[in-house]
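Please look through the sequence and the three-dimensional structure below before reading on.

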Amino acid sequence: MSTPSLPGPRLRQLPRTIDPLHRETSGSYLGRLAAANRLSHKELSAHVQDPDRIHPGKLTTLHALHYLSGHPVDRLLRALPDLRTPELTARFTAQPLKPLPDKGWTTQPVCTRCLAGLGITTHASHHVPVATNICLRHGRWIGRYGQQLVLHTVPEVIRAQRHHYNLVRRHGQRAVTYAMAEATDICFRWWDSNRFDQRWRSRMTALSGPKWHAFKDDIELVACTYPDIVALAGLFASPHLRFLPFTGEGRDLRHFIREVHGRAAPDYSLEAAGKRDPLIRWIEEEPSDRSLPFYPWHPPGRPDREQVSTP
């Protein structure tokens, strides 16, 4: 069997070519091209970027992939959004294609079950909305490189992904990202003190068995706490519910606490919370956070002096 070799000084089509995936990253596609031709990703990348091998001038990544894969430039632009620029899309496509915005999108590994259905045995990555953590088709946690977690024993985790998407559609990516950060901080502070953690512990048992052990960054723990965090983020992302503690009306505060009960903290009580409670701290600090340049909401009309009224 002949030894695989790199293309010559002028780039040419590799012996084996493959189709790009939808919204695949250009680095992922180059890596799969290398694997299909029994070359190392690092070796092929260095070859493409070597100006001596692509004389007389340095090629763009788009044109390098065009020569290596044999696919038309316009097809590569449609499939690989990180290669798009206004100039290239205007020049090579009949209909202008927009580059992906810097915010609202991220790169994630492609579900390996989805890849297997296409006959692909290597790993790949693609561009997805930042709210994406789970492949809904196969019920797998894909929000991290490496292990992909099967979630069929914890269907509420899969439902939380749909809830997360719905929050983004309803309130916008900016508000939901902000609210998810707040909810994550509050929930983990509760759980560090062994409060309101029975639901995610039950999910851990269903997922990993009764003798599970997990650290804060373990993928199983991240997945099993996801439903409570998304539910609480829905409270903070809502421009109506978020400001209930600041109206000065006891009934509004009680409504807010009922929402907290149902979403993430059964039996929560303001009277028993204590000053170090993370939700109390959030209520105290939220008004000052409104001066931050990236604060996503416009608070409704309110008294000059915002105070929390206890029920």
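Where is Arg 23 found? Arg 23 is found in the segment before α1. The model is a predicted one, in which local features need pLDDT of at least 70, side-chain atom pairs count only at pLDDT 80 or more, and totals for chains, interfaces and linings use all residues. Residues are numbered from 1 along each chain as its sequence is written, and side-chain values use heavy atoms, with hydrogens and water left out.

The protein chain has 13 helices and five strands. Of its 311 residues, 46% count as buried; buried means under 20% relative accessible area, exposed means over 50%, and partly exposed lies in between, with a 1.4 Å probe and protein chains only. A contact means heavy atoms within 4.5 Å. Among contacts between residues at least 6 apart in sequence, 63% join residues at least 24 apart.

Arg 23 has a positive phi of about 60° although it is not a glycine. Its relative accessibility is 24%, so Arg 23 counts as partly exposed. Asp 267 also has a positive phi, near 65°, and is likewise a residue other than glycine. Asp 267 is found in the loop between α11 (250-263) and α12 (270-273), and it counts as exposed because its relative accessible area is 72%.

Thr 25 is found in the segment before α1 (26-36). Thr 25 counts as buried because its relative accessible area is 9%. Its side chain reaches the backbone nitrogen of Ser 28 at 3.1 Å. A polar contact of 2.9 Å joins the side chains of Thr 25 and Ser 125. Such a contact is a pair of N or O atoms within 3.5 Å; within protein, one must be able to donate a hydrogen and the other to accept it, and residues adjacent in sequence count only if both atoms are side-chain atoms. Leaving aside residues up to four places away in sequence, Thr 25 touches several residues, among them Leu 80, Asp 82 and His 126.

Attention now turns to a helix. Helix α10 (residues 219-237) has 19 residues and reaches 25 Å from its first C-alpha to its last, close to the 27 Å expected at 1.5 Å a residue; the expected span is 1.5 Å times one less than the number of residues. 18 of the 19 residues of α10 are buried, so the helix is largely enclosed by the rest of the structure.

The structure also holds 14 aromatic pairs. Rings of Phe, Tyr and Trp (its six-membered ring) pair if their centres lie within 6.5 Å; planes under 30 degrees apart count as stacked, over 60 as edge-to-face and the rest as tilted. Tyr 178 and Trp 297 form an edge-to-face pair, 5.4 Å centre to centre with 90° between the planes. Tyr 178 lies in helix α8 (residues 173-192) and Trp 297 in the segment after α13 (278-289), so the pair ties together parts that are 119 residues apart in sequence. Both Tyr 178 and Trp 297 are buried. Ring pairs link Tyr 178, Phe 294, Tyr 295 and Trp 297 into a cluster.

Methods: Helices (H or I, at least four residues) and strands (E, at least two) are DSSP runs, numbered from the N terminus.
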